[in-house]
Every structure is written in C-alpha cells, then in structure tokens.
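Okay, thanks everyone, let's get going.

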Amino acid sequence: MNDQKVLDRFNKNYIPEPNSGCWIWLGQPHCDFGYGRFGINKKMYQDHRASWYIFKGDIGNLCVLHSCDNTFCVNPDHLFLGTQSDNNKDQMKKGRTNGGPKGVPKSDEHKKNIAKGRRGKKFPRKPKI
Ligand SMILES: [Zn+2]
C-alpha cells in the first residue's frame with residue numbers, strides 16, 4: 001500500500017531493537033490475543049498483520065507468522081505468510097500451545113489422567129531389555 005499518513009502513524013508506534021533487529025510494537029494493545037493493534041481505513045489489524053499489509057501488501061486469508069519468534073515484533077523482514085496449519089505447527093514447535101485450548105481436556109482418558117494428577121506422555125517408559 002502507498003499511504004504516507006498510515007505509514008507515518010505506523011512508524012510512531014514501534015521502536016527498533018538494535019540487537020535483534022526487531023521492531024517492538026508500543027501501540028495500543030489488543031486485549032484478546034496479546035498482540036498490538038492498528039487501524040487502517042477504519043479496519044483493525046493485529047500489529048504484525050498491519051505491518052505486512054503496509055510494507056508487503058495483501059494478506060488474503062493467510063496468517064502472518066514471526067520468523068524471530070517475538071510476538072511484539074512488527075519488522076516486515078521478520079514476518080512471513082503461512083496457512084492456519086503452518087501457524088499451528090509453528091506455535092507447537094515453539095511450545096506456545098499444549099495442543100488444545102487452555103485447560104480443556106481433549107478426551108476422557110486425558111480427563112482421567114488429569115484427575116489422577118498426571119499427563120499421559122510424561123510417564124517414564126519401561127526400558128526395553
Ligand atoms: Zn523480529
């Protein structure tokens with residue numbers, strides 16, 4: 001996009017971090033997701049999505065992911081596009097999710113394990129002899 005006013009407004013909302021090269025978002029926080037938010041043409045974007053839109057262009061239905069793993073970063077060079085499934089895999093890889101919504105057990109067996117104070121995968125296996 002080519003809108004100097006939007007760009008100027010966006011540029012006032014972050015500070016570059018010299019070591020990592022990340023641009024740390026200082027603007028309005030988005031209470032639901034822990035991301036910042038930024039309005040363009042009366043539409044609200046998450047901070048990093050706004051960054052992609054301003055500097056790189058259309059996002060479509062894709063997710064904007066962080067290569068630097070800093071959720072406050074809005075440096076377009078640290079962002080890449082991926083599908084929702086890429087996003088899930090990426091978060092899983094970075095340990096940001098336990099594979100389901102917070103605190104919601106996935107199955108009856110999982111519930112039983114939680115009731116017994118344990119989680120299936122953490123059990124030590126018997127060594128093979
Ligand atoms: Zn970054």
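So, one number to start with: among contacts in the protein chain between residues at least 6 apart in sequence, 33% join residues at least 24 apart. Keep in mind that what you're looking at is a predicted model.

Here's the layout. The protein chain has four helices and six strands, and if you read along the sequence you get α-β-β-β-β-α-β-β-α-α. Buried residues account for 17% of the 129 residues in the chain.

Now, how far do we trust it? The average pLDDT for the chain is 81, and 68% of the residues score at least 70. Confidence is highest in strand β6, residues 79-82, at a mean of 97. At the other end is helix α4, residues 108-115, where confidence is lowest, with a mean of 63. And then there's the stretch 99-105, where pLDDT stays under 50. The model has five contacts beyond four places in sequence for that stretch.

On to the inside. Which residues make up the largest nonpolar core? There are nine of them: Phe-10, Phe-38, Tyr-45, Ala-50, Trp-52, Tyr-53, Ile-54, Val-64 and Leu-79. Helix α2, residues 47-55, gives the most to this core, with four residues. Apart from that core lies another one, of six residues, including Tyr-14, Cys-22, Trp-23 and Trp-25. As a general reminder, nonpolar side chains in soluble globular proteins tend to be buried together.

Skipping neighbours within four places in sequence, Val-64 is in contact with His-48, Arg-49, Trp-52, Ile-59, Leu-79 and Leu-81.

His-48 first. This residue sits in helix α2. Is His-48 buried or exposed? Buried, because it has 26 other C-beta atoms within 10 Å, and the cut-off for buried is 20 or more. Not counting residues up to four places away in sequence, His-48 touches Tyr-35, Val-64, His-66, Cys-73, Val-74 and Leu-79. Also, His-48 and Trp-25 are 23 residues apart in sequence, yet their C-alpha atoms are 8.7 Å apart in space.

Then Ile-59, which is in the loop between α2 and β5. Ile-59 counts as partly exposed because it has 14 C-beta neighbours inside 10 Å. Leaving out neighbours within four places, Ile-59 is in contact with Arg-49, Trp-52, Tyr-53, Val-64 and Leu-81. From Ile-59 to Gly-82 is 23 residues in sequence and 9.7 Å in space, C-alpha to C-alpha.

Lys-42 has a positive phi, near 65°, and it isn't a glycine. You'll find Lys-42 in the loop between β3 and β4, and Lys-42 is classed as exposed because there are 5 other C-beta atoms within 10 Å. Asp-69 also has a positive phi, about 60°, although it is not a glycine. Asp-69 is in the loop between β5 and β6. With 15 C-beta neighbours inside 10 Å, Asp-69 comes out as partly exposed.

That's my tour, over to you for questions.

Notes
Residues are numbered from 1 along each chain as its sequence is written. This is a predicted model: local features need pLDDT of at least 70, side-chain atom pairs count only at pLDDT 80 or more; totals for chains, interfaces and linings use all residues. Helices (H or I, at least four residues) and strands (E, at least two) are DSSP runs, numbered from the N terminus. A residue is buried if 20 or more other C-beta atoms lie within 10 Å of its own, exposed if 12 or fewer, and partly exposed in between; C-beta atoms are placed from the backbone. Two residues are in contact if their C-beta atoms, placed from the backbone, lie within 7 Å. pLDDT is the predictor's confidence in each residue, from 0 to 100. A nonpolar core is a set of buried Ala, Val, Leu, Ile, Met, Phe, Trp, Tyr and Cys residues joined through C-beta atoms within 7 Å.
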